[in-house]
Amino acid sequence: MSRLFHIGLNDIRLVFRDKSSYFWLFAMPLAFAYFMSFTSRAPSEAENARPEIYVENLDTGFLSLLFLETLGQEGVRPVGEDRKEDAKRGITIPVDFTDSILSKKQSVFEAYKMEGIDDARSMLVEVSLFRAAVAFNGYLVEHATAYGADMPIVEEALKEVMLRDNPVRLEARFAGRKPIPVGMNQSLPGNLVTYLLLNLMVFGGASIANERRAGILRRLSISPIGRVELLGGKLFGLMLLACVQIAVFMILGQFAFGVNMGDQAPAIALLLLVFSWVGASSGLLIGFLIKSEEKVVGLSLMIALPMGAMGGDLLPVNRAI
Amino acid sequence: MSLLKTESLSKRFGELLAVDGVSFEVNEGEIYGLLGPNGAGKTTTISMACGLLKADGGDVWINGSRFWSRPQEARQLMGVVPQDLALYEELSGRENLEFWGKVAGMSSREAKIRAVELLESLSLAERAGELVSKYSGGMKRRINLGCALMHRPKLILLDEPTVGIDPQARNKILEYIRELVKEGSGILYTTHYLEEAETLCDRIGIIDKGRLLTEGTLSELQKGVGHDQLFVLEGAFKDEVPEAWGDFSKSFRIIQRTDTQMTVATEGNGDPAEGLKKLLALPVRLQNVTLKRPSLNDAFLKLTGRDLRE
């Protein structure tokens, strides 16, 4: 077993003895991430944060205005006729909205999908709409609890209730961070994933090709080391390399670029390690199949970069909602 | 005791029969030389002996056990020095030695101590910390040898370890190999240098076109040439017909002939002066006549009709 570690440690020593490795492992991906972050910065961030909802407010009372304020708190931007084409969903607040609620009757508003907007986008706004309705009902219940069920609802009192901190708060967010990370939040993890795959394939494949050319692989095969240990050692070395790259990117991302890693940084690291295992294995496979180092590098580029581009690592493929 | 034994080894590459029924043994404390020209099958034989290649026929025994029944244990007993250098040029000589020691199962501490010993023995201690890429060819050869010796193998397989280096570096390697034998190691040494085989090896096997033609000690092989006296004649022989030189064919036989040189042998161990007198009486102008002691090359010449140096 110790031979496995020696093989891996020797491989990583060889990588870091070559000065150009620092460029390909750190400088190049970080520079790429930095410049790519400009391409996905402003527009999508603003749009992501507050998708529009078209509001046809037939009510003139204060409760409909407070309801629209609640909608805003839930992350949607109520818009009128002038920006109707930007809206993902629409609602119509009935004319008797305030009166019905003040007289303790049910009021029903109509919500509908806007023309030309796909279901997914419309659905996401509907979630916010639903949450706003629940929150607004909560304010009314809290008002009744505080001032008595028989007391009329007063605008100032309801506003005061809305400003209070909730005793229990459910904070629900999209998995990860924002619905679509943008700027460095997108480009740094994206480039990490792409370059992780690329580097593992290149370093893994090229080291095997190089060792074959230098006769070292042949010598290893007649030394007292089993095939499993040899292969395991090579894999271990590449995984160590991946750990270094992941750690540097996560630490720099968090502290230098302010990338939000969320609450699940260890889980992200674990996922990246599993991904690295796939990349390292692919690198070894390529190295054992292809003899020339140049061809190994070429093939790795042909695999990793299109995968990064198609998978949304280099640029986000999702459009902002 | 036999450290390495091959039994009727054979290997074919397509149409080419590279090794054909080769059998020999290497014992403790002996250097067995496998001598043959380039392409004779020496490297293929050594590759089968160390398990790099699987033989098409025959078997290899290491220290009394069949190689392929316990290949890893067999490899633990042997150190192989490949003909081509197999070193990490980006590492220093010391780092290379330590790496191969650890691969052979030594602890870091053991590998460090052994590397220092070997660097001293191979006269490389002063440049131990330098990258191998900066070493001369001879120094690389010595480190290449050292890497195989890190785990103190009982059996050492050396595949032309001195090829392409200067005489001084070669002598250092040969000296060290002699020391290894004194410590009890058994060595299989392939070479196409006659002088190395003659001065270094206890027993020699002559291999050509994949077949082991003969084997024995140097004196046994020299005796195998017979008690003939060998004369090397120099002159212009291009248009000559030796059969037409009177009694030449009754007294001499031609071993080798070129346009300017002819090696001839007389039967028996009579007075060389008699042979010389007969040669000088031939109806051909000789520029020089040399009486020669039978060498390994003569043995090879007798067995194959070709010069080993060709």
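Q: What does buried mean here?
A: Buried means under 20% relative accessible area, with exposed over 50% and partly exposed in between, using a 1.4 Å probe and protein chains only. This is a predicted model, in which local features need pLDDT of at least 70, side-chain atom pairs count only at pLDDT 80 or more, and totals for chains, interfaces and linings use all residues. Residues are numbered from 1 along each chain as its sequence is written, chains are lettered from A and ligands numbered from 1 in the order written, and side-chain values use heavy atoms, without hydrogens or water.

Q: OK, how much of chain A is buried?
A: Of the 321 residues in chain A, 44% are buried.

Q: And why is α8(A) called largely enclosed?
A: Because 23 of its 30 residues are buried, α8(A) is largely enclosed by the rest of the structure.

Q: How far apart are the end C-alpha atoms of that helix?
A: They are 41 Å apart in α8(A) (residues 184-213), which agrees with the 44 Å that its 30 residues should span at 1.5 Å a residue, the expected span being 1.5 Å times one less than the number of residues.

Q: What follows it?
A: A:Gly215 follows α8(A), and its phi is positive, near 80 degrees.

Q: Switching topic, how many helices and strands are there in chain A?
A: Chain A has twelve helices and four strands, taken as DSSP runs (H or I of at least four residues, E of at least two).

Q: What order do the strands of the sheet take?
A: The open sheet of four strands in chain A runs β2-β1-β3-β4 with mixed pairing, where a pair needs at least two DSSP bridges. Its edge strands, each pairing on one side only, are β2 (77-79) and β4 (110-113) of chain A.

Q: In which sense do β3 and β4(A) pair?
A: Strand β3 (residues 89-93) of chain A pairs with β4(A) in the antiparallel sense over four bridges, and A:Ile91 has A:Ala111 as its bridge partner in β4(A).
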